[in-house]
Amino acid sequence: TDFKSDKQPTWCPGCGDFGTMNGMMKALANTGNDPDNTFVVAGIGCSGKIGTYMHSYALHGVHGRALPVGTGVKLANPNLEVMVAGGDGDGYSIGVGHFIHAVRRNVDMSYVVMDNRIYGLTKGQASPTSREDFETSTTPEGPKQPPVNPLALALSAGATFIAQSFSSDAMRHAEIVQEAIEHDGFGFVNVFSPCVTFNDVDTYDYFRDSLVDVEDTDHDRTDYDAAKDLILDMDKEYQGVLYQNEDAASYEQAHGLTENMAEIPDGAPDDATDLVREFY
Ligand code: SF4
């Protein structure tokens, strides 16, 4: 199945988002999804353009608010495959509150964050994941504060699936996103997706040289304490599924929300009923 739309991306040549998106499309196709039953919700930023470039239902949402929109779409129609996309600025700054609550709610959808450790669309300001000493236009001496650790935030909020991938490691990235889609619950993947225009520190070469794949270690993804040790290890960058709890019920399972909620409830006002019919 082809998830590529006929729109040409306007990302800078060489941007990591190309590889991130290709992996997302490959993963969706590999899991047997069709564009007709796939809904991509994106936030604001370079990453936010992704819905335009994918051949599926899509919504380019409000800054930092892609997750609540995706949650609403999924709960309204649990038959849809919902994938939410965003960047580190969108997801871990203005959207960080939604991130924590989406994680703990554990709705069965995936969240792919294109983490380039910089604000790209607004031309190179420090983001929540920028290094402490990273000199940018708004932080000429660096942010002087430690970066947010999104994997640690997710773990502490009760995540059931935490993974990290690299946009340039095409096969592995697609495989990891596929696992997130297949996970019964909230599948979170932080993707190192280099910004070639504004970040000359977290580059392709840097990630190629420093990434350690958990598949090449004896890491047990079901071991919470082992996952915590890796996630809090600030000296290394890890790729792979760091944590998965397959026993936890998704929000839908826990609350019996597996039927299509597009059914018109008895007693709904006429105008609301018409609106719902029109939408579906
Ligand atoms: Fe990609 Fe950076 Fe260009 Fe944005 S500014 S499209 S993140 S390379």
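This is a predicted model: local features need pLDDT of at least 70, side-chain atom pairs count only at pLDDT 80 or more; totals for chains, interfaces and linings use all residues.
**View 1**

**View 2. Helix α3 packed with helix α5.** Here residues 66-76 form α3 and residues 96-105 form α5, and the two helices meet at an angle of about 30 degrees. Their axes are 8 Å apart. Angles under 35 degrees count as roughly parallel, which is why α3 is described as roughly parallel to α5. From α3, the contact takes in Leu67, Pro68 and Thr71; from α5, His98, Phe99, Ala102 and Arg105 take part. The class count for this contact of α3 with α5 is four nonpolar, two polar and one charged.

**View 3. The largest pocket and its lining.** Two or more lining residues come from each of α6 (150-156), β6 (187-192), α8 (204-210), α9 (224-231) and β8 (237-244). Strand β8 contributes the most to the lining of the largest pocket, giving three residues. By class, the lining of the largest pocket counts eleven nonpolar, five polar and eight charged residues.

**View 4. Arg208 and its surroundings.** To finish, this view turns to Arg208, a residue of helix α8. Helix α8 is also one of the elements that give two or more residues to the lining of the largest pocket. Setting aside neighbours within four places in sequence, Arg208 is in contact with Phe166 and Ser168. Asp169 can be located from Arg208 too: the two are 39 residues apart in sequence, while their C-alpha atoms are 8.6 Å apart in space.

Terms used. Residues are numbered from 1 along each chain as its sequence is written. Side-chain values use heavy atoms; hydrogens and water are left out. Axes are lines fitted to C-alpha atoms, for helices over the stretch in contact, and angles run from 0 to 180 degrees between N-to-C directions. Helices (H or I, at least four residues) and strands (E, at least two) are DSSP runs, numbered from the N terminus. Angles under 35 degrees count as roughly parallel, over 145 as roughly antiparallel, 65 to 115 as roughly perpendicular and the rest as oblique. Contact means heavy atoms within 4.5 Å. Ala, Val, Leu, Ile, Met, Phe, Trp, Tyr, Cys and Pro count as nonpolar, Asp, Glu, Lys and Arg as charged, and the others, Gly among them, as polar.
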